[in-house]
Amino acid sequence: MKKTVIFILASLTLTACHFLDEDPSSFVGRDGYYKTEAQCRSAVNSCYEGLKSIYTTTLFTHLEGTTDLVIVPSISDVNAILDINPSQCNISKTVWSSGYKAVMYCNAAIAGVESSTSIDENVRRDLVAEAKTMRAFWYYMLTSLFGDVPFYTDDVVDQPTMDRIAHLGRMSAVETRAALIKDLQSCYSYDGDNYTGALSQVRSFDGVEKGRAGWAMGMMLIGKMALWNAGTDTSGDTDWYGVAIDALKRLVPVYGNLAQYPLNDLLFSVKDTPERIFEIRHTYSEGTLSYAGNLAQNCMPSYSSSTHLFDGVEIPMLGTEAKVGTCNRPTSYFYGALQPDDGMDRRVDINQGRRYNGTNFNNGLAYPWMGPKFWCPYMKTTYDSNNYPVFRYADALLMLAECYCARQEKENFELYLNQVRLRAGLPVYTVGNWAKAEQELRDERARELFGEFQRKFDLVRWGIWYDTVKEYWKSDMDSRNIPVKLQRCHRYLPIPVEQVVNSGYALDNKEYNAYGL
């Protein structure tokens, strides 16, 4: 039975992963499943399948390393030089397959838990909300990376359903996000200011188990998808900024003033911090099962195994067993204009690596390394045990500032923008004119969220990705003799050609085809 195969695969993949410790033998077909709370929780756990497989150095290269902020100095990495097309797009295959596998698991879990008659009603409501939040997350990633994509919420219980879904074409990303927002609003409902929804209205840090999706993540996803729609919905039928504000402002009384969260918590190696709303969790223990990433190896200063020095400097906290690969670097635009070394920004020594403990790197002053934010202490070869932040409270404040900038509401714009600036040691910003205020907001997102798998999403939804990367990133790559194949169609990933064929050509890559790709 197809359902049996799906759940056995999910359980075997996720077994022994912190809160996902399940007994695979408990996964059976629909008729014998969803009889206990443990079985229902196991099904919801499958919704997290694929997170670690997509949040890798490859996704970082795509979302940060092809923007105005980061250079991946490789002449052969197709993702780094944008030599991608429907036939050559390894990141597309990974994200597409992981994303839609997770969507399938989410749909099955939602249908199964909703149909269960043997668990407590409050438990059922919470589990459904968690699964719907993860489904929204996966579609948020798919629409952000591919644009218009197939959208379905059916549980695949028979061959006709599978065949129909396999031949779905692209659906408007605006409509997909609108449907998901409505779904999340029904889960996390309010009667005025009185919260009536599922799960607890608390910080993710204060939840029972770390790493799970909950109320705060639901608010972030509503805000994220509403801002995407604000930039791409031409109908004018919905006040998407208002939708984002309604969700994001719910976080403010719960999370409070940003000043209480220390800047040192921006380090990926500092895990499960109170400011983080959702993160990809990794562990590594030699000789046991590990759930390690691979980003730090490309974000640390060059390392000599013979001298045990990182670009000429001893860094005891990084140990002596690291294997460092191609070293990513901030762009000259970022370190020269947005966050210069001689400025007031306290994040400069977190984001950029020019020195350690007062000693300058040999090659880090003029052209800094990626900073301690990305380093992994005592890394064993390439095993990166850091946690990768996906959503943080500072991001919510900056999204609120963006909404109020669009509405030209000066007091609220300054209120939320300046919380982020003041924590970083920057002076209070006062609006002079709105064009400059908008640019300041965009620059502040660059400084605060540097390297957090977000920059390309921002540039694309603002409609400025191509022009921005051509001016800053491409010129930097050209000056270092790194050839790039930048085209406007690269704002989104292509759908893998085999998926187009398997859909009976219901799917397409018309934007890529227009550029001969």
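**Reading contacts in a predicted model**

Q: Where does Arg212 lie?
A: Arg212 is in the loop between strand S3 (194-195) and helix H9 (215-232). Helices (H or I, at least four residues) and strands (E, at least two) are DSSP runs, numbered from the N terminus. This is a predicted model, in which local features need pLDDT of at least 70 and side-chain atom pairs count only at pLDDT 80 or more, while totals for chains, interfaces and linings use all residues. Residues are numbered from 1 along each chain as its sequence is written, and side-chain values use heavy atoms, with hydrogens and water left out.

Q: Is Arg212 buried or exposed?
A: Buried means under 20% relative accessible area, exposed over 50%, and partly exposed in between (1.4 Å probe, protein chains only). Arg212 counts as buried because its relative accessibility is 15%.

Q: Which side chains does the side chain of Arg212 contact?
A: A polar contact is a pair of N or O atoms within 3.5 Å; within protein, one must be able to donate a hydrogen and the other to accept it, and residues adjacent in sequence count only if both atoms are side-chain atoms. The side chain of Arg212 has such a contact with the side chain of Asn45 at 2.7 Å, and another with the side chain of Glu130 at 2.7 Å.

Q: What should the 15 residues of helix H16 span?
A: The expected span is 1.5 Å times one less than the number of residues. For H16 (residues 434-448) this gives 21 Å, and the end C-alpha atoms are 21 Å apart, so the two agree. At the start of H16, a side-chain oxygen of Asn433 comes within 3.2 Å of the backbone nitrogen of Ala435. The buried residues of H16 include Glu440, Glu444, Arg447 and Glu448.

Q: How many aromatic pairs does the structure hold?
A: A pair of aromatic rings is described by the distance of the centres and the angle of the planes. Rings of Phe, Tyr and Trp (its six-membered ring) pair if their centres lie within 6.5 Å; planes under 30 degrees apart count as stacked, over 60 as edge-to-face and the rest as tilted. The structure holds 31 such pairs. In one of them, Phe137 and Trp138 are edge-to-face, at 5.6 Å centre to centre and 75° between the planes; both residues are buried. Phe268 and Tyr388 form a tilted pair, at 6.0 Å and 45°. This pair links distant parts of the chain, 120 residues apart, with Tyr388 in strand S12 (residues 388-392). Phe268 and Tyr388 also belong to one aromatic cluster, whose members include Tyr55, Phe60 and Phe453.

Q: How many salt bridges does a search of the whole structure find?
A: Side chains of opposite charge can pair when their charged atoms come close. A salt bridge is a side-chain nitrogen of Lys or Arg within 4 Å of a carboxyl oxygen of Asp or Glu. The search finds 46. In one of them, Asp193 pairs with Arg250, the closest N and O atoms being 3.7 Å apart. Asp193 is exposed, with a relative accessible area of 73%, whereas Arg250 is partly exposed at 22%. Asp345 and Arg347 form another, with closest N and O atoms 2.9 Å apart, and both are buried. Asp345 and Arg347 are among the residues linked in a network of salt bridges, which also includes Glu440, Glu444, Arg447 and Glu448.
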